[in-house]
Amino acid sequence: MFVPGSGTSYYAGCDGGVYKTTSTGSSWSDVSNCLEISEQYSIGLSASNASEWITGWQDNGTNLANGSWSQVLGGDGMMCFIDNTNNNYMYGETYNGGFNMSSNGGAFFKGITSGISETGAWVTPWTQDPTSSATLFAGISNVWKTTNRGTSWTKISTFANGTSTLDAIAVAPSNDNYIYASELGAIFTTTNGGTNWNN
């Protein structure tokens, strides 16, 4: 919106805040008073440090709070979490299952999708095994599992769901052989770690 009477000054509002230009868009200043007002897809909390958390923000990256905010991944930030046993390991995601992992507290992230041959939902669900920290599960069109923090993945289901994608996944904290996954109109469960599934 233009400032009344000006042809060079205007404001722009977006999910990252409110910005102003006085140079017809050549340069911008953030006038949001440092408010963190982006839309967050997810929040991942540290299990050992109450002030450390990682968040996925639509169009505004994956951001880490640990005394102050820092953006650790760009683009769309989706589902993210901090390892439940070691804060140096952090996981962030971009759209459609672009999984990333940091082993140094968020200073550097690398892609960890080797072996995955499906495309996930816009916000692809994934989670850490509650008892084995190097094991992760992802819900794409099928359930995928890694036991080495994403170095390689194996498909552990064969759902006949065509082009459908999973929208939620959970692993029972009492027994990690119990895994649940859902898509529109169906909930799948296994009681033996993915060998057999029931709808």
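Arg-149 is located in the loop that joins β14 (143–146) to β15 (154–155), where strands (E, at least two residues) are DSSP runs numbered from the N terminus. The model is predicted, so that local features need pLDDT of at least 70 and side-chain atom pairs count only at pLDDT 80 or more, while totals for chains, interfaces and linings use all residues. Residues are numbered from 1 along each chain as its sequence is written, and side-chain values use heavy atoms, with hydrogens and water left out.

Although Arg-149 is not a glycine, its phi is positive, at about 60 degrees. Arg-149 counts as buried because its relative accessibility is 13%; buried means under 20% relative accessible area, exposed over 50%, and partly exposed in between (1.4 Å probe, protein chains only).

The count of salt bridges comes to 1, a salt bridge being a side-chain nitrogen of Lys or Arg within 4 Å of a carboxyl oxygen of Asp or Glu. Asp-83 and Arg-149 form a salt bridge, with 2.6 Å between the closest N and O atoms. This pair links distant parts of the chain, 66 residues apart, with Asp-83 in the loop between β8 (81–82) and β9 and Arg-149 in the loop between β14 and β15. Asp-83 is buried, at a relative accessible area of 0%.

A positive phi of about 60 degrees is also found at Asn-96, which is not a glycine. Asn-96 lies in the loop between β9 (90–94) and β10 (98–102) and, at 29% relative accessibility, counts as partly exposed.

Definitions and conventions. Helix = DSSP H or I, 4+ residues; strand = E, 2+ residues; numbered from the N terminus.
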